Amino acid sequence: MIPVPVVLFEDNHCLALLKPAGLLTMGDQTGDPTLVDVAREYLRAKYQKPGNVFVGVVHRLDRPVSGVVLFARTSKGASRLSEQFRVHSIEKTYLAVVEGRVIQPRGELHDVLVKNRHTNVVNVAHRGEAGQECVLGYERLDRFGRFTLLEIRPVTGRSHQIRVQLSHQGWPIVGDRKYGSQTPVSGFIALHSSSLTFCHPTTKEPITVEARQPEYWDSLL
C-alpha cells in the first residue's frame with residue numbers, strides 16, 4: 001500500500017516530500033513500495049496525467065531514515081539539481097539521537113570510508129587503505145540519560161556516511177543495529193533529514209525545505 005504523501009515544497013520543477021522511516025526512496029530487489037511511487041501517484045492524481053509521470057531522483061535517504069527528499073519534475077531540473085548534489089553545494093542538516101555522552105559541544109569529523117558492496121556495510125578505512133574522504137560537522141543540542149541529540153551538517157554525501165562516522169566515535173545512532181546500536185527500536189533509526197537548502201534549477205533562488213523530527217522520537221527524548 002502506497003502511503004499518503006506529505007508535501008513540503010512543490011512548483012513546476014521541484015517536489016519535496018517527507019519520507020517516513022521504513023520506506024525506500026527508490027526501488028530495490030525487494031520490490032517494496034517506494035517514495036518515488038508516492039511522488040508519481042501524487043502528481044498523476046493531482047494533475048490528471050495519463051501514462052508515465054516523470055520523477056527525477058537526485059538524491060536518496062537510507063530506508064530506516066526519515067526526512068526531506070527532493071525530486072525533480074523535469075529533466076532540466078533533474079540535471080541541474082544532480083549537479084548541485086555532486087559538487088556538494090546543497091546544504092543538508094540532520095538530527096540524530098546517539099548513544100553515549102558527547103562531551104565536545106561541536107566538532108568536525110574527517111574519515112576515509114570503504115564500502116563492501118557484497119554486504120552493503122561501510123567501514124572506516126585502515127591506515128593507507130584507499131577509500132572515500134568524508135567530512136561532517138556536528139553540534140551537541142542536548143543530553144539526556146545515556147543519549148545525546150546532535151545536529152549534523154555533512155560536507156560530503158557518501159553512502160551511510162553519518163551512520164558510520166558517528167559510530168566510529170563511539171556514538172552509534174539509536175536503533176542502528178547495523179552500526180553498533182544496543183537500543184532496540186522498531187522500523188527506524190534516530191536519524192532525520194531536517195532541512196535541505198538548494199539553488200532553484202531555473203530561478204536560481206535559494207530554497208530551504210524543512211521537516212520537524214518525528215513524533216515517535218518523543219519517547220527517546
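Helix α3, which spans residues 161-168, is largely enclosed by the rest of the structure, because 6 of its 8 residues are buried, where buried stands for under 20% relative accessible area, exposed for over 50% and partly exposed for what lies in between, computed with a 1.4 Å probe on protein chains only. The model is a predicted one, in which local features need pLDDT of at least 70 and side-chain atom pairs count only at pLDDT 80 or more, whereas totals for chains, interfaces and linings use all residues. Residues are numbered from 1 along each chain as its sequence is written, and side-chain values use heavy atoms, with hydrogens and water left out. Helices (H or I, at least four residues) and strands (E, at least two) are DSSP runs, numbered from the N terminus.

The buried residues of α3 are Gln161, Ile162, Arg163, Val164, Gln165 and Leu166. What covers them includes the strands β5 (91-99), β6 (106-116), β7 (121-124), β8 (132-144), β9 (147-154) and β10 (191-199), contact being defined as heavy atoms within 4.5 Å. After the helix comes Gly170, with a positive phi near 90°.

Among the covering strands, β9 is itself mostly covered, with 7 of its 8 residues buried. Two strands are said to pair if DSSP finds at least two bridges between them; by this criterion β9 runs antiparallel to β5, to which 6 bridges join it, and it also pairs in the antiparallel sense with β8, over 8 bridges. Leu150 in β9 is the bridge partner of Ala96, and Leu150 is likewise the bridge partner of Arg140. The strands β8 and β9 form a hairpin with 2 residues between them, and Gly145 in the turn has a positive phi of about 60°.

Which residues touch the most other members of the largest nonpolar core? They are Ile152, Leu166 and Ile173, in a core of 40 residues, a nonpolar core being a set of buried Ala, Val, Leu, Ile, Met, Phe, Trp, Tyr and Cys residues joined through side-chain atoms within 4.5 Å. At least two residues of this core are supplied by each of β2 (14-19), α1 (35-47), β4 (66-72), β5, β8, β9 and α3, and the largest share, 6 residues, comes from α1. A second, separate core has 15 residues, including Cys14, Val58, Leu81 and Phe198.

The structure also holds 4 aromatic pairs, in which rings of Phe, Tyr and Trp (its six-membered ring) have centres within 6.5 Å, and in which planes under 30 degrees apart count as stacked, over 60 as edge-to-face and the rest as tilted. The rings of Phe9 and Phe198 form an edge-to-face pair, because their planes lie at 75°, with centres 6.3 Å apart. This pair links distant parts of the chain, since Phe9 belongs to strand β1 (residues 7-10) and Phe198 to strand β10, 189 residues apart. Phe9 is partly exposed at a relative accessible area of 21%, whereas Phe198 counts as buried at 2%. Phe144 and Phe147 make another edge-to-face pair, with ring centres 6.4 Å apart and planes at 85°, and both Phe144 and Phe147 are buried.

Charged side chains supply a further set of links, with 9 salt bridges in the structure, each defined by a side-chain nitrogen of Lys or Arg within 4 Å of a carboxyl oxygen of Asp or Glu. Lys46 and Glu10 meet in one of them, at 3.1 Å from N to O; because Lys46 lies in helix α1 and Glu10 in strand β1, the pair ties together parts that are 36 residues apart in sequence. Lys46 is partly exposed, with a relative accessible area of 46%, and Glu10 counts as partly exposed at 21%. Glu10, Lys46 and Arg73 are linked in a network of salt bridges.

Another salt bridge joins the side chains of Asp32 and Arg63, at 2.8 Å from N to O. Asp32 lies in the loop between β2 and α1 and Arg63 in the loop between β3 (56-57) and β4, so this pair ties together parts that are 31 residues apart in sequence. Within helix α1, Arg44 and Glu41 lie 3 residues apart, about one turn of the helix, and their side chains meet in a salt bridge of 2.5 Å, N to O.
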